[in-house]
Amino acid sequence: MIPGKNTTVEKNDSQKEKYGSFSLFDIEHFLRRVLKNWYWFVLMLFIGYGLSWVYSKYYAQNIYASDLSLSISNNTSSYFTPSQSINFIWGQGGNQDGVYLKKMLLSRTHNEFLVKELDLFVNYSTKGIIKSTYLDKDDSPVYLQIDKKYPQQVNYPITLIPKSGNTYEVILPDEGHSTNLYSYQSEGFTNIGQYERPANKIIKVGEWYTSPNLKFRLHSSHLAPKIKLNNIIVSLSTVNQSVKDITSTIGVEFDKEISTIMIITKKGYNLNSTVNFLNRSVSQLQKKRLADKMLVDKNTDIYLQDNLTTIRKKLDSSANVLNYMKTTEKLYDIKDRDEKSLTRIKDLEAKKADLESKLASLNQIKNSLESQNFDKMINTTAAGFQDGLFTASVSELRALYLKRREMALIYKPNSEPMLEINRLIDEAKTGSSGALRNYYTGYYNEINKINQQVANANADLSSYPEKQRKYLDAERGYNMIEATYNSLLGRQNETHLRMAANQSDISVIDPAKNVGQGPIGPNVKAAKAGIIGGLLVLPLLFILVGEFLDSKIRNIRELLNATRIPLLGVIGNNSNENMLTVLDQPKSSVSEAFRGIRANVRFLSGENDASKVILVTSSIGGEGKTYVSINLASVLGLSDKKTILLGMDLRKPKIFGDFKIDNQYGISNYLTGEVGVDQIINKTRIPNLDVATSGPIPPNPSELLMSSRNVKFIEDLKERYDFIIIDSPPVGLVADSYELMKYSDANLYVVRHEYTEKYMLKMITEKYHNGEINHLGIVYNDYNTKQGYGYGYGYGYGYGYGYGYFDEDKNYKEPLLIRIRNKVQSIFNKK
């Protein structure tokens, strides 16, 4: 049975359309190419591992993170903390004070204060052979103090090299000095005149270094550095850039279970820097929060103190008047005094004095609201009440005013957001004014009642003489002033107690700390995997692209599936210098393959002796058509069959060279009638093999091959020979072979491994399945025998190497993968 031969299945039109069509991608051949090029993957693996090691060792900048957790007291209601409603307007949650603090932590104002206060615009690093490492200020043996009044060049590396003692050499870059300098006072740039590059200079710690673009001095660090540094590189940045860099690395989150616990995270290239920044930032925040919290009490204390000073003067004046009347008018001992009425009047007037003092405080609060001067707001305790709703409305009103000021920069006055916030301001003003009106009404009602009671009590004293009544009025005035003074003094004492007991509403639970936490980035493992994987993909990609672009025939199974043309045999690679392999190497696997083809040709016609005329063709030149013709003829001649080989490729004669025959006269001469048959038939060293060469190249080869003389020539040779082998022209270039196939009994189509293009088989396949060509078989030539004949087709074509059967076996060495496979199989097959 010939592989691929199927005479029992009828071919419909849909099947015929598929014949000659090869798959776009051959997975089997792709995998074989991958295995064949295994060394490239090993090489890329080593290169990738080396590159990833260099990256992680010298180039990857580790990113560290530290965190700090703090608690926000619930009792933080003040005039300066936004209330629930304003947070609702801004789309925030119920943790109003926490959100407010988060905004403060991320605000430009807070971070700009830290940058200026802690000189965070000075950046420190050190450089090794390849890699630079960022330093914290405390990691360096010295730190920089710049003269903020002097214009400085930013983003300009200053290298400090330690020398003997407390001296350092200042080295500036050879290029890059600029005339555009930055002022830390105005936070803007200014231009200066041209200047030469500042020379390197050795300075002592504490000594000022001055150049046209820099002025600074060094201070010894208060902490001894843990490692010795060969260089310290200092670079200045603008305040604005420093603030942006800091705010971009801060994260604030709230605990999922307890919303009043805040977790602040800082990322950076140096762990100590993140730790120090967080602790300093929260420390400054605590101070500011405490100052904000005490601002109202301080304002209240100042207000009360001013009032006490004024009342004290009135009290002293009243006391002087009373003493004068006692000593001059001798009225200190009034007989039959109505002590009960006097005491009642004294108590009533003391209450009235307290109410009038509270009214004065209430007026101060009202004036602060109406003038929007919230920084001068005093505590409501000075007005004699504690009202949480009023405090909330004041804080809301202040926040709304601030928000409206921000929105005015973005929105137009009549826009919807502006109208909405104006409405909210009116509501808040109405709420606060309503609360004040209630207290005003209450205080006035109480004062009116006291005045009525005092008037009734005064009626009981109308019987006293005028001088005595005058003295009693003076005494009552003194008592009222004294009561007012004592009331103010009491409220001042309460304010002092509150101020003394005041603490920041922020308490640190876990401060930021360097506990040796590892870097959070970059992901070195992922980077290594990416580098190694990327390099491993390169050869795979090249092979894959090559596979898609490759149009050569490389797979026998794919060839047979696409063409459905019988496979007659597989010819291995010819290692001989000439094409007479069967004659020169009769025991080679290639010679045995030709014997197999000789046996299979008989099956093409179905009769053993019917295949007398065998035509050999191919798609184009170079595929081994002539090579197959010569060796097939040689095999037939050596098997005692009288055989003749005809060189009918008149355009490109070849056969004569291998048999060392003179090509002066050949088939072209015979077909033109110049010579007879016997003159073109040449004997060879094989007794039963004759050769008729092509002869000189004629001007009309197609006409000669299709002439009746050529047909009669073939018919005459059938009478004289058992087999006629025709080496015909390639069908992909000329149509001569198709005409000759009409007179042949068997047609061999030569396909060369990794040479023949797939598209070239389309025409011959279509003609075969359309019935235009009969008795056609494929000979697969120049196959690499190390891959195993037939890709799994075990039909005996060449048998393969390694069994001591062929001449090539003495030099044969099994491939590495085959040796490994055999070794594994031998281990598992042991009993």
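Predicted model: local features only at pLDDT ≥ 70, side-chain atom pairs only at ≥ 80, totals over all residues.
**Entry 1: Y64 and its strand**

I started with Y64, which turned out to sit in strand β1, residues 64-72.

Next I asked how far apart Y64 and T274 are in sequence and in space. In sequence they are 210 residues apart, yet C-alpha to C-alpha I get 7.8 Å.

Then I listed what Y64 touches, skipping its neighbours within four places in sequence. T274 is on that list, and so are K266, K267, G268, Y269, N270 and L271. The list also has Q517, G518, P519 and I520. I counted a contact when heavy atoms come within 4.5 Å.

A reminder from class: strands of a sheet pair through backbone hydrogen bonds, and the pairing can be parallel or antiparallel.

I zoomed in on β1 and β15 and found four bridges in the antiparallel sense. One residue I looked up there was S69, whose bridge partner in β15 is D510.

On to helices. Two packed helices are described by the angle between their axes and the distance between those axes, so I looked up both.

Helix α6 (residues 108-118) packs on helix α7 (residues 239-247) at about 115°, and the axes are 9 Å apart. Is the crossing left-handed or right-handed? For α6 and α7 it is right-handed.

From α6, the residues in the contact are R108, N111, E112, V115 and K116. They meet V239, N240, S242, V243, I246 and T247 of α7. Sorted by class, I get four nonpolar, four polar and three charged residues.

**Entry 2: α2 against α13**

The crossing of α2 past α13 is right-handed.

Which residues of α2 meet α13? I noted H29, F30, R33 and V34, and on the α13 side L540, I543, L544, G546 and E547.

Definitions and conventions
Residues numbered from 1 in each chain as written. Heavy atoms only, no water. Axes fitted to C-alpha atoms, helices over the stretch in contact; angles between N-to-C directions. Helix = DSSP H or I, 4+ residues; strand = E, 2+ residues; numbered from the N terminus. Left-handed = near helix turned anticlockwise from the far one by under 90°. Nonpolar A, V, L, I, M, F, W, Y, C, P; charged D, E, K, R; others polar. Pairing = 2+ DSSP bridges.
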